[in-house]
Amino acid sequence: SVASILAFSCVEFAKAYLGRSGEVWGRADSIKPTVENPYVGGLVLTKEGKFGHVAVIEKIEGDTLYLKEANYIKGKITTRELSVDSPVIRGYR
């Protein structure tokens with residue numbers, strides 16, 4: 001199913017979730033940060049995993065980002081919180 005395919009790729013999930021499936025982004029570690037600050041509906045790019053990681057920012061409260069992401073836990077679509085000063089963050093897009 002499409003859902004199971006999306007659950008194995010953080011990039012493909014983020015594209016589908018944001019309605020941007022027609023775009024070519026490449027691997028998570030090759031996506032360049034383009035904005036200084038996080039915003040709802042934007043991406044957080046991290047150094048996590050072998051090929052980097054990307055997650056969609058669903059909500060921001062204070063210094064906490066609320067993320068929706070795929071494959072942070074292998075093969076699953078999950079949510080988690082990440083502090084804006086987390087050392088794993090390499091940028092936003």
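Which residues is Cys-10 in contact with, leaving aside its neighbours within four places in sequence?

**View 1. Contacts of Cys-10 in the predicted model.** Cys-10 is in contact with Ala-28, His-53, Val-54, Ala-70 and Asn-71, leaving aside its neighbours within four places in sequence.

**View 2. The largest nonpolar core.** Ten residues make up this core: Cys-10, Val-11, Ala-14, Trp-25, Ala-28, Ile-31, Leu-43, Leu-45, Val-54 and Val-56. Helix H2 (10-17), S1 and S2 each give two or more residues to this core. The most come from H2, with three residues. Another core, of eight residues, lies apart from the largest one; among its members are Ile-57, Leu-65, Ile-89 and Tyr-92.

**View 3. Strand S1 (residues 43-46) and its side chains.** Leu-43 and Leu-45 point one way from S1, while Val-44 and Thr-46 point the other way. All four of these residues are buried.

**View 4. Pairing of S1 with strands S2 (residues 53-61) and S5 (residues 89-92).** S1 pairs with S2 in the antiparallel sense over four bridges, and Leu-45 stands opposite Val-54 of S2. The two strands form a hairpin with six residues between them. In the turn, Gly-49 has a positive phi of about 80°. S1 also pairs with S5 in the antiparallel sense, over three bridges. There, Gly-91 is the bridge partner of Leu-45.

**View 5. Charged side chains over tyrosine rings.** Lys-59 lies over the face of Tyr-66, at 4.5 Å from the ring centre. Arg-80 lies over the face of Tyr-72, at 3.6 Å from the ring centre. One aromatic pair is found in a search of the whole structure.

Key:
Residues numbered from 1 in each chain as written. Predicted model: local features only at pLDDT ≥ 70, side-chain atom pairs only at ≥ 80, totals over all residues. Heavy atoms only, no water. Phe/Tyr/Trp six-rings, centres within 6.5 Å; stacked < 30°, edge-to-face > 60°. Lys NZ or Arg CZ within 6 Å of the ring centre and 35° of its normal. Buried < 20%, exposed > 50% of the residue type's maximum accessible area, 1.4 Å probe, protein only. Pairing = 2+ DSSP bridges. Core = buried A, V, L, I, M, F, W, Y, C linked by side-chain atoms within 4.5 Å. Contact = heavy atoms within 4.5 Å.
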